[in-house]
Amino acid sequence: MTTYREAGVDIEAGDALVDRIKPLAAGTSRAGVIGGLGGFGALFDLRAAGYSDPILVSSTDGVGTKLLVAIETGLHDTVGIDLVAMCVNDLVVQGAEPLFFLDYFASGRLEVADAARIVAGIAEGCRQTGCALVGGETAEMPGMYAAGHYDLAGFAVGAATRNALLPAGVKAGDAILGLASSGVHSNGFSLVRRVVEQSGLSWDAPAPFAPGATLAAALMTPTRLYVRQLLALHRAGLLHAAAHITGGGLPGNLPRVLPAGLDAVVTQAWPIPPVFRWLASAGDVAPGEMLSVFNCGLGMVLVVPDAEAATTALAALGETAIPLGHIEAARGDEPEVRMGFAPDFEV
C-alpha cells in the first residue's frame, strides 16, 4: 500500500512544527490580532490597532541566495530576522507601521528542528518591530528541492493614517542622513558567494574582516531592523522620506523617494565597514559596482527637514545619524544621486 509519507511528505512532521511554533507566534501578538494559528486565514482589527482612517501598505520579499550560505553551514537561526527585515523595512519607508506578518517555508523534506530555528528567527524579527506573526504556510515538496535545501518568502501588511504617507514634503535644502547597516544584509549574495569561491576560503575559516568570527558567521549577520527608529522620527514630524538600501545600492534606491526636479547630493563620506573593503579587494570589484550592488555600510537613508533635530531624536533612541549631504534642484529629467567624492574601498 502506497502512502503519502512514502512519496516524501510527512504530515505528522508538519503538525509537529506547528506545535513548536505556536508559542513563538503567540509571543508576537499585538493589539488588533483576532484568534491565533490554526485557522484557514488570519484576522486583524484595524480599529483595535488604533486606526480610524487607515491606508493599508503591503510588502513581500525573500532572503535570496543568502539562504545557500545558511544551508551549506547550518546557520539557520537568523535568516528569519532577515526575512522580516526585508519586508518591514520596506513598509516603514512609506510611513506605515507593520501590523502582521506571514511566512512561506518550502523544502523537499521537512526537518522540524531546523524549521523551528528558522521560524524562531522570524518571530524574533516580528517581536523587535511590534509586528504579529499571524500565520503562514509550510510546504513539503519532494523532488522540487535538493536534499537539505529550502526557500523562504515573507509577506507583511502595515497601515498608515491617510494623510501621513511617505515620502511627503521633500524639498531643496533638506538634509540627507544615513543609518549604518550591520553588514551585507540580504542583497548581493550571489556576488558574495562568487568572491568567497575566488578567495579559496572555506566557510569555517576565520573571517579576514571580523576577528573572532568564522567567514560564514560574519557574513550571516542579520539585516538591521529600522522600524522603531523611523516611526518615532516620522511621528515627531522630522522625516520627509526614507530609502531602504537594498539591491541597487544607494544610487538605485534613494532616487525612488525623490520627486521630479530634485537630486540627492552626497558630499560627505561615510565609514565603509571592513566586510565591503574585503569583498572589493578579494573579488577585484570596482567601486561603482560595489555601490550598485551592496549597501556599503548604509542600510537606511533619510531625508529630513532639520538635521540637528533628527540627529538628536535618533540619538535618544540609541541610533547614530551619519550626515551625508542635501537635496537640491535636479540637473536632469529624472532624480539621481550625485556623488561629490569617490568612496574608498581600499583595505
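A residue counts as buried when its relative accessible area is under 20%, as exposed when that area is over 50%, and as partly exposed in between, using a 1.4 Å probe and the protein chains only. By that rule, 48% of the 347 residues of the protein chain are buried. The structure is a predicted model, in which local features need pLDDT of at least 70 and side-chain atom pairs count only at pLDDT 80 or more, while totals for chains, interfaces and linings use all residues. Residues are numbered from 1 along each chain as its sequence is written, and side-chain values use heavy atoms, with hydrogens and water left out.

**Overall build**

- The protein chain has 11 helices and 12 strands; helices (H or I, at least four residues) and strands (E, at least two) are DSSP runs numbered from the N terminus.
- Along the principal axes, the C-alpha atoms of the protein chain fill a box of roughly 75 × 55 × 35 Å.
- Two residues are in contact when heavy atoms lie within 4.5 Å. Of the contacts in the protein chain between residues at least 6 apart in sequence, 84% join residues at least 24 apart.

**Surface and charge**

- The protein chain has an accessible surface of about 15300 Å², and carbon and sulfur atoms account for 53% of that surface. Accessible areas come from the Shrake-Rupley method with a 1.4 Å probe, and for residues only the protein chains shown count as cover.
- There are 20 positive and 35 negative charges in the protein chain, and their mean positions are 5 Å apart. Lys and Arg count as positive and Asp and Glu as negative, whereas His and the chain ends are not counted. Each charge is placed at NZ of Lys, CZ of Arg, CG of Asp or CD of Glu.

- In helix 2 (residues 66–73), the buried residues are K66, L67, V69, A70 and I71. These buried residues pack against helix 3 (79–92), strand 6, helix 5 and helix 6.
- After helix 2 comes G74, with a positive phi near 80 degrees.
- In helix 9 (residues 274–283), the buried residues are V275, F276, W278, L279, A280 and G283. Their cover includes helix 5 (189–199), helix 6 (215–219) and helix 10 (287–293).
- An α-helix has 3.6 residues a turn, so residues three or four places apart point the same way.

**Backbone details in loops**

- D284 follows helix 9 and lies in the loop between helix 9 and helix 10. Its phi is positive, near 50 degrees, in a residue other than glycine.
- D284 counts as exposed because its relative accessibility is 71%.
- C296 is not a glycine either, yet its phi is positive, about 55 degrees. C296 sits in the loop between helix 10 and strand 10 (298–304).
- C296 counts as buried because its relative accessibility is 0%.
- The peptide bond from L166 to P167 is cis, with omega near 0 degrees. P167 is in the loop between strand 6 (150–161) and strand 7 (175–180).

- N253 belongs to helix 8 (residues 249–253) and is buried, because its relative accessible area is 2%.
- The side chain of N253 reaches the backbone oxygen of G249 at 2.8 Å. Not counting residues up to four places away in sequence, N253 touches A243, H244, I245, T246, G247 and G248.
- L298 is in strand 10 and is buried, because its relative accessible area is 1%.
- Beyond its neighbours within four places in sequence, L298 is in contact with residues including I245, W270, I322 and L324. L298 and L238 are 60 residues apart in sequence, and their C-alpha atoms are 19 Å apart.
- Y104 is in strand 4 (residues 97–107) and is partly exposed, because its relative accessible area is 32%.
- Y104 touches E137, A139, M141, D151, L152 and A153, leaving out residues up to four places away in sequence. T214 is 110 residues from Y104 along the chain, and the two C-alpha atoms are separated by 29 Å.

Conventions: A polar contact is a pair of N or O atoms within 3.5 Å; within protein, one must be able to donate a hydrogen and the other to accept it, and residues adjacent in sequence count only if both atoms are side-chain atoms.
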